Amino acid sequence: MAQLNHTKPFPTLNNIHVDDEATIIEFLNTNSKAIGALKYLGSFVDNLKIKNEIGIKANLQFLIVEREEHYRERAGSDYVFNEKYVREIFEYKYDLPDTFPTTQTEVEEYTIPSTIETHSCNPKQKCSKCHASGRCSSCDGSGSKSCSSCSGTGKKEQRDGNYANGKPKYKKVACYSCDGRGRKSCSSCNGSGKCYRCEGSGEVICSRCDGTSKYQTYVSFSSSFKPVNAKFHFTEYDELNNLIPNTKNKIVFDDDLIEWENQSSVLFDNKDSAIRANKHSKQFINELETLAGLNSSQKFGRIHVEIETVPITVIDYSFEDKEYQIIIIGEDNTICFKEIPKKHSYKANIFKRIKNFFTKKKRQIAFVHIASYMFNADGSMDEPELKLLELFLNNIKLKQEEKNLLVENLKQRMTVDELAPKIKNITGDLRALVFAWQCVMQDGQINQTEIDAFMELSKLFKVKEEELEKIKHKATKFAQLKDNEMLEEYFKA
Ligand SMILES: [Zn+2]
Ligand SMILES: [Zn+2]
Ligand SMILES: [Zn+2]
Ligand SMILES: [Zn+2]
């Protein structure tokens with residue numbers, strides 16, 4: 001499959017998303033160069049079919065309620081059991097903020113009174129520090145400890161000069177740290193010998209009930225609001241999907257889509273209006289949870305959406321028996337196509353590229369001779385025929401005497417044998433034959449002598465009969481061009 005080409009947007013084109021043929025033809029003619037097509041493409045197309053479709057582009061804002069259950073315990077019996085509170089945490093009213101917060105809000109925690117259970121408890125606990133003995137574990141209840149400085153001896157050695165052989169000499173003195181007693185008061189119990197934590201009782205206040213003899217277990221839930229944004233787009237034309245986000249369009253809906261009071265009750269629901277504003281709204285409504293990335297501890301609180309409707313105009317047409325398609329998308333008009341006609345050619349070799357060795361003027365005069373041959377075929381030249389001939393003559397740069405001579409010539413009826421040498425230079429260019437048929441049609445009626453003359457002429461171009469039909473069809477297209485466009489198409493080498 002050919003690659004889809006697309007142009008830059010053409011925001012200045014107005015109202016081209018229509019199904020009116022004249023407008024579309026005019027658009028194709030005016031913009032043929034910008035989209036890389038042959039000139040006046042609009043005038044040369046057949047079987048034009050226009051479909052006006054739409055796509056959708058949406059910005060979604062989700063306000064998400066995030067809640068989680070917690071199993072909690074506390075000392076005392078202050079909380080009051082109440083069975084009328086439900087257990088399901090998303091049944092509690094959301095109380096959403098009026099505006100969407102920019103970041104996740106602070107987490108609040110709520111107790112569920114129906115889950116409160118009160119338990120009895122021993123207000124005292126065995127002291128873990130002394131293993132309920134009440135004795136100081138550091139001094140084992142004695143109130144004093146062996147002095148670490150003298151290892152409990154009460155004495156220490158002190159330097160006392162040297163012996164005659166130079167070795168150091170020591171004497172024994174009382175230990176300064178314990179005043180020679182060998183033991184010191186215990187710092188953990190300040191010498192009392194009692195455990196400092198339970199003050200010798202072997203028991204402490206129970207941490208679970210805080211000494212109240214009761215504690216409570218219950219379920220609570222934490223709750224906060226989290227904003228999430230998402231973008232969505234859709235068209236029925238898959239290949240256009242990646243172009244949609246870059247288009248600029250009218251906003252057709254900018255409102256809250258739906259809001260919940262809690263998980264089972266909806267405060268308001270605008271989905272139908274969104275679908276009325278753009279039928280493809282259904283597409284994102286069907287996948288809201290995926291778009292928001294909702295997980296099991298989240299529910300929607302409120303959804304806001306801004307919807308753009310993307311106009312899509314699909315133009316099917318044929319050119320020289322081949323099917324083509326052009327698609328215009330967005331209010332700013334991006335133009336897409338896989339292939340576009342770039343030049344006239346029925347088959348290879350038909351419009352031969354003729355070397356430009358004869359002058360432009362000779363070529364133009366040859367065209368005038370063809371016109372004269374065809375116009376005179378039915379015995380006379382009438383008004384529309386003369387007008388076309390005039391048009392050609394006036395656009396050839398001729399001296400007055402050259403022109404007079406040519407005009408005299410043009411009044412004569414010619415046989416094809418007489419014509420042949422005058423048009424030798426263009427018999428390789430089928431545009432001349434297209435032109436000949438346009439001359440036949442010029443007076444609005446086609447008679448047998450004209451047809452015969454045309455058939456005679458076509459032999460000079462060595463054209464097969466089946467190709468003649470295509471040439472005649474092409475002539476009807478050329479006839480739709482404005483005068484200056486037609487001259488340009490025929491006269492360009
Ligand atoms: Zn207790
Ligand atoms: Zn102690
Ligand atoms: Zn000591
Ligand atoms: Zn203790």
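This briefing walks through helix packing, nonpolar cores and a few loop residues in the structure above.

The model is predicted, so local features need pLDDT of at least 70 and side-chain atom pairs count only at pLDDT 80 or more, while totals for chains, interfaces and linings use all residues. Residues are numbered from 1 along each chain as its sequence is written, and chains are lettered from A and ligands numbered from 1 in the order in which they are written.

**Helix packing around α10**

- Helices (H or I, at least four residues) and strands (E, at least two) are DSSP runs, numbered from the N terminus.
- The crossing of α6 past α10 is right-handed; a crossing is right-handed if the near helix is turned clockwise from the far one by less than a right angle, and left-handed if anticlockwise.
- On the α6 side the contact uses Phe367, Ile370, Ala371, Met374 and Phe375, and on the α10 side Ala432, Phe435, Ala436, Cys439 and Val440. Two residues are in contact if their C-beta atoms, placed from the backbone, lie within 7 Å.
- Sorted by class, the contact of α6 with α10 has ten nonpolar residues, no polar and no charged. Ala, Val, Leu, Ile, Met, Phe, Trp, Tyr, Cys and Pro count as nonpolar, Asp, Glu, Lys and Arg as charged, and the others, Gly among them, as polar.
- Leu433, Ala436, Trp437 and Val440 of α10 meet Glu450, Phe454, Leu457 and Ser458 of α11. This contact divides into six nonpolar residues, one polar and one charged.
- α10 passes α12 in a right-handed crossing.
- Leu433, Val434, Trp437, Gln438 and Met441 of α10 make this contact with Ile471, Lys472, Lys474, Ala475 and Phe478 of α12. Its classes are seven nonpolar, one polar and two charged.

**Nonpolar cores**

- The largest nonpolar core holds 41 residues, of which Ile64, Leu240, Val305, Ile327 and Ile329 touch the most other members. A nonpolar core is a set of buried Ala, Val, Leu, Ile, Met, Phe, Trp, Tyr and Cys residues joined through C-beta atoms within 7 Å.
- Elements that each supply at least two residues of this core include α1 (21-31), β2 (46-75), β11 (214-234) and β14 (298-319). β14 gives the largest share, eight residues.
- Beyond its neighbours within four places in sequence, Ile327 is in contact with Leu240, Ile312, Thr313, Val314, Cys336 and Phe337.
- Another core, of 32 residues, lies apart from this one, and its members include Ala432, Val440, Ile471 and Met486.

**Loop residues**

- Cys139 sits in the loop between β5 and β6 and counts as buried because it has 21 C-beta neighbours inside 10 Å. A residue is buried if 20 or more other C-beta atoms lie within 10 Å of its own, exposed if 12 or fewer, and partly exposed in between, with C-beta atoms placed from the backbone.
- Not counting residues up to four places away in sequence, Cys139 touches Ser144, Lys145, Cys186, Ser188, Cys189 and Gly193.
- His131 is found in the loop between β5 (124-126) and β6 (144-146). Its phi is near 55°, a positive value in a residue other than glycine, and with 12 C-beta neighbours inside 10 Å, His131 counts as exposed.
- Gly191, in the loop between β9 (183-185) and β10 (203-205), is partly exposed, with 16 C-beta neighbours inside 10 Å. Leaving out residues up to four places away in sequence, Gly191 touches Gly143, Ser144, Ser185 and Cys186.
- Lys462 lies in the loop between α11 and α12 (465-478). Lys462 has a positive phi of about 55° although it is not a glycine, and is exposed, with 8 other C-beta atoms within 10 Å.
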